[in-house]
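Please look through the sequence and the model shown here.

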Amino acid sequence: MDNKRIYQLDFLRLVAIVPVFTLHLFSSLKRNHLDIGSQFFYDHVIHYGGWGVELFFVLSGFLMANRLILIVSPSRIGSSLKLYLKSRFLRIYILFFVVNSAIFLCGLIFHFYDLKIHGLEYLKMIVMIQQMFSTSFNSINPVTWSLEIEIQFYLFVGIFMYYFNLRRIENRERILIVGFLLAVVLSCILRQNYLGRNLFLYLDFFFLGFILKICYTRYTEYFKRSKAIYDVILIISFPILYWAKGSTEYSHLIVLFIYGLLFVTVFKVRFFHSLIGNSVLCLFGKMSYSFYLVHYAIIEGYFLFIHKFLHLPLVLSCCLVFLISVLVSFASFRLIEMNKLLKV
């Protein structure tokens with residue numbers, strides 16, 4: 001894996017987390033019968049805001065591509081695979097366990113959860129098997145469904161690592177390109193016959209990340225050349241993305257194309273370059289995983305318990321929820337996610 005951090009990816013993490021936060025915020029407002037705008041605005045934010053999760057999947061594929069392309073000697077296959085799985089476990093699961101256990105404990109203390117009713121939900125969440133047996137979201141922290149898919153993806157990459165290195169396969173890039181095309185076809189079929197959330201439903205997003213990483217590595221000079229047209233493309237990509245999410249039967253293919261375009265664009269913009277490289281925005285992107293884990297519980301807890309006592313204007317309450325989410329995320333990011341003892 002490259003040692004140099006790519007700040008454009010941190011910006012894309014920020015781009016991904018904003019619609020997810022907005023989706024959960026407005027969903028909570030609607031459940032609690034709080035009005036902040038027109039019904040049209042509510043419905044569109046709630047219906048289309050989930051695309052940020054898919055963008056996270058593309059990012060994961062981009063970051064994991066080196067694991068698949070890197071050649072490891074057959075004598076080191078076992079140790080490399082063991083190190084890989086250990087690093088992924090520590091990177092994802094420790095924070096996942098701490099945050100979700102804290103949410104469950106707080107829910108029990110304030111009698112929001114019942115141990116007999118929600119105890120099984122907690123166990124299914126902690127061992128990450130909720131989506132294997134149900135198409136419904138976990139009632140304690142619904143956002144965990146995507147992390148189950150992430151874990152499935154890491155295992156998928158581990159299996160491919162082992163196979164590629166065991167067989168000493170050299171021409172891996174072509175295999176990944178073919179895999180992307182097959183994943184697109186498979187995903188389209190599964191979306192027409194939806195049976196539940198699983199890796200294969202979203203595999204094409206991860207494979208898209210593989211392809212983007214291959215292109216980024218092979219055509220480094222191209223990605224360094226900026227042009228003003230890419231600033232325009234960056235701006236218009238988002239309305240096209242929202243339109244495509246529900247406008248045509250081929251929306252999934254259009255969305256894949258837009259995600260790929262976004263990846264290329266953030267490297268080649270001219271006027272937005274300083275914005276994308278802004279240290280504050282990049283920090284927010286770095287702690288997006290912590291933010292993703294905690295934001296839903298903070299939103300729900302605030303509007304269920306705090307809002308009715310503070311009597312703040314709704315817009316101010318929304319800003320306060322965001323600020324609390326950022327502060328808690330930053331604390332968990334520094335204390336847990338960036339803890340050197342938990343790194344490999």
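How many salt bridges does the structure hold? The structure holds six, where a salt bridge is a side-chain nitrogen of Lys or Arg within 4 Å of a carboxyl oxygen of Asp or Glu. This is a predicted model, in which local features need pLDDT of at least 70 and side-chain atom pairs count only at pLDDT 80 or more, while totals for chains, interfaces and linings use all residues. Residues are numbered from 1 along each chain as its sequence is written, and side-chain values use heavy atoms, with hydrogens and water left out.

Side chains of opposite charge can pair when their charged atoms come close. Helices here are DSSP runs (H or I, at least four residues), numbered from the N terminus. An α-helix has 3.6 residues a turn, so residues three or four places apart point the same way. Arg 13 is buried at 13% relative accessibility, and Asp 10 is buried at 1%. The cut-offs are under 20% relative accessible area for buried, over 50% for exposed, and partly exposed in between, with a 1.4 Å probe and protein chains only.

Arg 218 and Glu 173 form another salt bridge, with the closest N and O atoms 2.7 Å apart. This pair links distant parts of the chain: Arg 218 is in helix 9 (residues 199-218), Glu 173 is in helix 8 (residues 172-192), and the two are 45 residues apart. Arg 218 is exposed, with a relative accessible area of 56%.

In the salt bridge between Glu 221 and Lys 224, the closest N and O atoms are 3.7 Å apart. Because Glu 221 and Lys 224 are three residues apart in helix 10 (residues 220-224), about one helical turn separates them. Lys 224 is exposed at 58% relative accessible area. Salt bridges with shared partners also join Arg 5, Asp 10 and Arg 13 into one network.

The cysteines come next. A disulfide is a covalent bond between the sulfur atoms of two cysteines. The rule used here asks for a pair of cysteine sulfur atoms within 2.5 Å, and by this rule the count is zero. Cys 215 is partly exposed, with a relative accessible area of 27%. Cys 319 is in no disulfide either, its nearest cysteine sulfur, that of Cys 318, being 6.9 Å away. Cys 319 counts as partly exposed at 47% relative accessibility.

Helix 14 (residues 279-286) has buried residues in Cys 282, Phe 284 and Gly 285. These residues are on the same side of helix 14 because they cover an arc of only 155 degrees around the axis, the arc being that of the directions from the helix axis to the C-beta atoms. On the other side of helix 14, Ser 279 and Val 280 are exposed. The buried residues of helix 14 pack against helix 1 (7-31), helix 13 (273-276), helix 15 and helix 16, contact meaning heavy atoms within 4.5 Å.

Which helix supplies the largest share of the nonpolar patch? Helix 15 does, with three residues. The patch covers about 680 Å² of surface and is made by Leu 105, Ile 109, Phe 110, Phe 112, Phe 305, Ile 306 and Leu 310. Patch residues have over 30% relative accessible area and no salt bridge; like charges are joined within 9 Å, and nonpolar side chains (Val, Leu, Ile, Met, Phe, Trp, Tyr) within 5 Å. Helix 4 (77-109) and helix 15 (288-310) each supply at least two residues. Phe 305, in helix 15, is partly exposed at 36% relative accessible area.

His 252 is in helix 12 (residues 251-268) and is buried at 11% relative accessibility. Leaving aside residues up to four places away in sequence, His 252 touches Ser 187, Cys 188, Arg 191, Asp 204 and Phe 205. Glu 337, in helix 16 (residues 314-337), is buried at 10% relative accessible area. Glu 337 and Leu 95 are 242 residues apart in sequence, and their C-alpha atoms are 6.4 Å apart in space.

Key. Areas by Shrake-Rupley, 256 points an atom, 1.4 Å probe, with all protein chains shown as cover.
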